[in-house]
Amino acid sequence: MTYLRNAWYAALWSEMLGQGTVARRMLDEPILFYRDSGGRAVALANRCPHRFAPLDRGIIIGDEVQCGYHGLRFAPDGRCRYSPQTPEAPPAARIRSYPIAERDTILWIWMGHAEDADPGLIPAYPVLNDDREHRTVRGYYRSAGHYQLVIDNLMDLTHPEFVHAGSLGSPDLNRACYEVERAGPRSVRSNRWYTHGASPPAFERFFPTAGRQVEHWVDMLWTAPANLALTVGITLSDTPRSEGRESLSLHLLSPETATHTHYLFSSTRSHSLDSVEQDRRSLETIRHAFEMEDSPMLAAVQANMGTSDLWSLRPLILPGDAGAVRARRLLDKLIREEVALDAGKIPVDQGSI
Ligand code: FES
Ligand SMILES: [Fe+2]
């Protein structure tokens, strides 16, 4: 499976990494996360070079992780610092250390060449740091489905009418204005909106309309490889958007394997900042949508597709697929360029995306 490697993947929310270790398979590689004695996050290959024990079965001692099988100890740079059976640590006892950055309360990992890790490529989500004007709830779940299927599902703003009928979906969204555009060298925007239509049922709880028509907008911004920011807003028709309600949700994905995806989700609101009840409702709405609606559909789609590449199955393309197709093409292009660069070839421009 070919992934974009020279890229930052959101691995964990900051609070998910405390005193202990977290083990994750990402891009088909076993990875161990922990914090050193100064609280800095560390990401190492979760496989001891001796007998390949997962290092998360060991313990953290100071800045180092000690293998739980025969006691080799590894530092954050991946070098072995202590070997119980030899006077010196064997130079060959070394594991891969991944660049990691903690930004906006997200732990980002760089899966490519360490020397190419460019913090400037980390998507910025500063709203996560702001607890004066905003309130964020968030969590993690492991989703069925190839990560590109999950991206497709998020870029596809036409499925809510059917998959989330009775909650997030609104029939008017399928007949709404739709715009897809490149939003940067590694980003695609997919926006859908209408100015006069019915309010989606789930919105009535926090934005009662008493049957009046609303303006509703759903703007998705995908940034390679798998980071999506969704702005959803509602206001009464013919009133300024600023008088309505708007929320931002993040969908930060990373491939686990070819069939499963790590999914960090968050929802940030600018109203009811102190309401624990609203927190509970938001989390419940998200979990219900993911676990009861999106995830079963993605699992069923994946089962029907097997491990075939989407394009090899010659899918029918509908107008609402424009955002997903554009993101896929851009990601494919970035992967091709990376593979060509790694092979020492000059990347070929594959045309406009
Ligand atoms: S497997 Fe880790 S020290 Fe032997
Ligand atoms: Fe969905």
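Q: Where is the place of Pro-225?
A: This is a predicted model, in which local features need pLDDT of at least 70, side-chain atom pairs count only at pLDDT 80 or more, and totals for chains, interfaces and linings use all residues. Residues are numbered from 1 along each chain as its sequence is written, chains are lettered from A and ligands numbered from 1 in the order in which they are written, and side-chain values use heavy atoms, without hydrogens and water. Strands (E, at least two residues) and helices (H or I, at least four) are DSSP runs, numbered from the N terminus. Pro-225 falls in the loop between strand E15 (214-223) and strand E16 (227-236).

Q: Is the peptide bond from Ala-224 to Pro-225 cis or trans?
A: Most peptide bonds are trans. The bond from Ala-224 to Pro-225 has omega near 0°, and is cis.

Q: What phi does Leu-27 have, and in which loop does Leu-27 lie?
A: Most residues other than glycine have a negative phi. Leu-27 is not a glycine, yet its phi is positive, at about 50°. Leu-27 lies in the loop between strand E2 (22-26) and strand E3 (29-35).

Q: Is Asp-104 buried or exposed?
A: Asp-104 lies in the loop between strand E10 (100-103) and strand E11 (106-110), and has a positive phi of about 55° although it is not a glycine. Buried means under 20% relative accessible area, exposed over 50%, and partly exposed in between (1.4 Å probe, protein chains only). With a relative accessible area of 12%, Asp-104 is therefore buried.

Q: Which residues does Leu-252 touch, not counting residues up to four places away in sequence?
A: Leu-252 sits in strand E17 (residues 245-255), and its 0% relative accessibility makes it buried. Contact means heavy atoms within 4.5 Å. By that criterion, Leu-252 touches Ala-10, Trp-13, Ile-106, Tyr-125, Ala-226, Asn-227, Leu-228, His-262, Tyr-263 and Leu-264.

Q: How many Å separate the C-alpha atoms of Ser-170 and Ala-198?
A: Ser-170 is in the loop between helix H2 (160-163) and helix H3 (171-174), and counts as buried at 2% relative accessibility. Leaving out residues up to four places away in sequence, Ser-170 touches Glu-161, Tyr-194, Ala-198 and Pro-200. Ser-170 and Ala-198 are 28 residues apart along the chain, and their C-alpha atoms are separated by 7.1 Å.

Q: How many residues of helix H1 are buried?
A: Helix H1 covers residues 147-155 and is largely enclosed by the rest of the structure. Its buried residues include Tyr-147, Asp-152 and Met-155. The count of buried residues in H1 is 9 of the 9.

Q: How many Å apart do the C-alpha centres of domain 1 and domain 2 lie?
A: The protein is divided into domain 1 (8-121) and domain 2 (126-339), with bounds from an automatic or database domain assignment. The contact takes 19 residues from domain 1 and 20 residues from domain 2. The C-alpha centres of the two domains lie apart by 32 Å.

Q: What is the radius of gyration of the protein?
A: The protein has 5 helices and 18 strands. The radius of gyration is taken over C-alpha atoms, and the globule rule is 2.2 Å times the number of residues to the power 0.38. For 353 residues the rule gives 20 Å, and the protein is close to that, so it is as compact as a globular protein of that length, with a radius of gyration of 22 Å.
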